[in-house]
Amino acid sequence: MEFADVAYRYKGEPKDALAGFSLSVRKGRVTALLGPNGSGKSTALGLGAGWLAPSAGRVVRDGPAAFLPQSERLAFSFSCVEYVVFGRAPHLPYLAVPTGEDEARAVAALAEVGMADKAGRRITALSGGELQLVRIARALVQEASYVILDEPSDMLDPAHAATIGRAIRRLADSGAGVLLSTHDLAFALACADEAAMLRSGRLLSVGPTDGIIEPRGLEALYGTAFELRSLPTPILG
Amino acid sequence: MSRAGRRAALAAAAIALVLAVVGALLFGRYPSPGFTDPRSLFSDDLAARLMVLVRLPRVLSALLLGAALGASGAAMQFVFANPLVDAGFLGVSQGASFGAALAMILGGGSFWLFGSAFCFSILALVMSVMMASRIRFGGAVLRLILSGMAVSAFFSALVALIKYGADPLSTLPEITYWLMGGLSGANWRSLSIAAPIAVGSVGLLVAMRWRIALLSLDEATAASLGARPALERAVVLGASAAGVAAVTAMAGVVAWVGLIVPHLARLAFGGDGSPTVPGSALLGAFFVVVCDALSRGLFQGELPLGVTTSLVGTIAFFALLMSRRVHVERG
């Protein structure tokens with residue numbers, strides 16, 4: 001997926017939410033977008049997912065993308081299998097309903113993210129971390145070339161964040177290109193191969209996470225001083 | 001619930017519906033109150049004619065009415081991602097009420113009453129959708145809900161105005177009785193006008209049952225799953241409203257079926273996915289066939305169908321809410 005000099009301006013807004021944005025998201029790799037609130041991360045994700053069209057520049061994607069927003073409306077109590085099987089929608093004829101084989105794939109995807117024992121549970125009865133895993137299982141059965149996640153570790157404790165991180169690594173290992181936004185620097189370090197830093201709709205820098213996430217770069221990004229301290233980090237395996 | 005379990009539950013509901021239809025055909029107050037002995041149809045010419053010319057079109061109308069309201073209610077709840085809306089939510093029922101009241105005050109016959117009720121209910125839908133597109137805040141669903149409420153209130157006010165000016169000895173009782181809903185005037189002619197639209201509506205909604213469930217997801221999520229939410233929502237709303245408009249024009253406003261039946265279907269058939277819309281059509285048909293039989297056969301004078309469905313529906317609704325089986329939204 002290539003963002004080539006992309007700009008986007010929301011209707012009625014005086015300035016671009018994103019401008020001159022260029023980035024490559026490669027298959028089998030995880031790319032993290034970092035930046036303060038309002039820096040254009042969600043806009044970049046929307047452009048990548050295709051539900052926003054760039055005002056200028058181009059977004060080229062050689063395959064479909066699955067999109068996982070930060071939170072999802074849960075108006076109905078679908079079972080985990082029912083919810084995951086929605087991921088099969090792009091592979092089914094328009095008026096078809098999922099077959100037993102589709103449900104078997106959903107169950108297998110739930111097992112892959114460690115949720116096999118919760119397959120029959122209602123999604124409204126899950127914890128935040130469990131729900132995130134179910135959504136990742138849905139992305140797995142969607143078999144999209146790219147998976148785009150908006151703040152996947154938001155509000156999760158370190159253990160759940162590590163579980164989500166492992167599931168995301170599994171998505172990349174299965175061949176998908178992953179683009180995610182996060183404020184969790186430890187999560188980005190542990191989970192992502194590359195990071196792109198966005199400030200005020202502009203790309204400040206891009207590179208391998210362990211090289212780019214350092215005090216001076218973060219100070220330029222967030223406008224506050226950082227110092228290096230040793231912090232225990234969960235092992236993603 | 002397993003796939004086999006869901007299929008078995010749907011088959012059981014279909015069998016229950018067939019039994020209810022047969023029971024309703026044999027239930028009434030002629031030749032004597034209660035159930036008619038089927039053998040008497042061969043010996044009593046009047047009973048046979050009553051069966052073919054009165055009860056059969058009426059029971060089929062009840063079946064169609066319940067199926068359309070149930071399927072449309074389930075579809076609307078998915079599309080609005082709100083389990084507490086029903087088929088009349090976009091002003092469709094109130095538009096039909098106004099159209100019927102207008103036809104009555106202008107002295108039109110039953111064909112004009114049907115046409116006027118149908119046209120005004122579709123007009124109400126169009127007004128709701130157009131107003132929603134002009135509202136400048138909220139997401140697509142919130143805008144539709146707000147505009148639907150406003151359009152419903154608008155047509156309710158117009159109905160009140162017509163009732164206020166109607167002749168209290170002739171037109172006012174006629175309007176009031178129609179607004180309570182009922183199938184006392186159902187016959188083959190009214191059925192033949194409403195049936196093609198209602199059957200088409202239910203058929204389309206049942207065919208789209210899984211896509212409709214998918215529309216309850218976030219717009220961006222549904223789009224990334226290959227759906228075209230705006231277009232598909234318009235198709236589902238149009239089909240639902242047309243079905244509801246047709247049966248409401250035929251039978252008046254029959255409340256609560258579209259709200260309560262989808263909840264019962266979720267409980268009966270498990271989960272919230274593809275069985276909900278066809279299950280709601282089956283249970284809606286069963287519910288209205290039974291309520292209509294009770295309305296016309298329990299007492300010497302007929303109870304309005306809308307009163308029976310509301311009484312039974314509200315009791316079931318409270319029972320459901322108190323049993324904590326209605327999952328509204330994550331806290």
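Student: What makes you say that Phe114(B), Ala117(B) and Phe118(B) in H5(B) meet residues of H11(B)?

Tutor: Contact here means that two C-beta atoms, placed from the backbone, lie within 7 Å. By that rule Phe114(B), Ala117(B), Phe118(B), Ser121(B), Ile122(B) and Leu125(B) in H5(B) meet Ala241(B), Ala245(B), Ala246(B), Thr248(B), Ala249(B) and Met250(B) in H11(B). Bear in mind that this is a predicted model, where local features need pLDDT of at least 70 and side-chain atom pairs count only at pLDDT 80 or more, while totals for chains, interfaces and linings use all residues. Residues are numbered from 1 along each chain as its sequence is written, with chains lettered from A and ligands numbered from 1 in the order in which they are written.

Student: At what angle do H5 and H11 of chain B pack?

Tutor: About 150°, with the axes 8 Å apart; H5 covers residues 110-134 and H11 residues 229-251. Axes are lines fitted to C-alpha atoms, for helices over the stretch in contact, and angles run from 0 to 180 degrees between N-to-C directions.

Student: What counts as a helix, and how many does chain B have?

Tutor: Helices are DSSP runs of H or I with at least four residues, strands are runs of E with at least two, and numbering starts at the N terminus. On that count chain B has 14 helices and two strands, and chain A has eight helices and nine strands.

Student: Why does the radius of gyration of chain B agree with a compact globule?

Tutor: The radius is taken over C-alpha atoms, and the globule rule is 2.2 Å times the number of residues to the power 0.38. For 331 residues that gives a value near 20 Å, and chain B has 20 Å, so the two agree. Chain A passes too: its 237 residues call for something near 18 Å, and it has 18 Å.

Student: What share of chain B is called buried?

Tutor: 52% of its 331 residues. Buried means 20 or more other C-beta atoms within 10 Å of the residue's own, exposed means 12 or fewer, and partly exposed is in between; C-beta atoms are placed from the backbone. In chain A, 47% of the 237 residues count as buried.

Student: And what makes something a nonpolar core?

Tutor: It's a set of buried Ala, Val, Leu, Ile, Met, Phe, Trp, Tyr and Cys residues joined through C-beta atoms within 7 Å. The largest one has 187 residues, and Val84(A), Ala137(A), Val247(B) and Val289(B) have the most contacts inside it. Helix H3 (residues 45-79) of chain B gives the most, with 16 residues.
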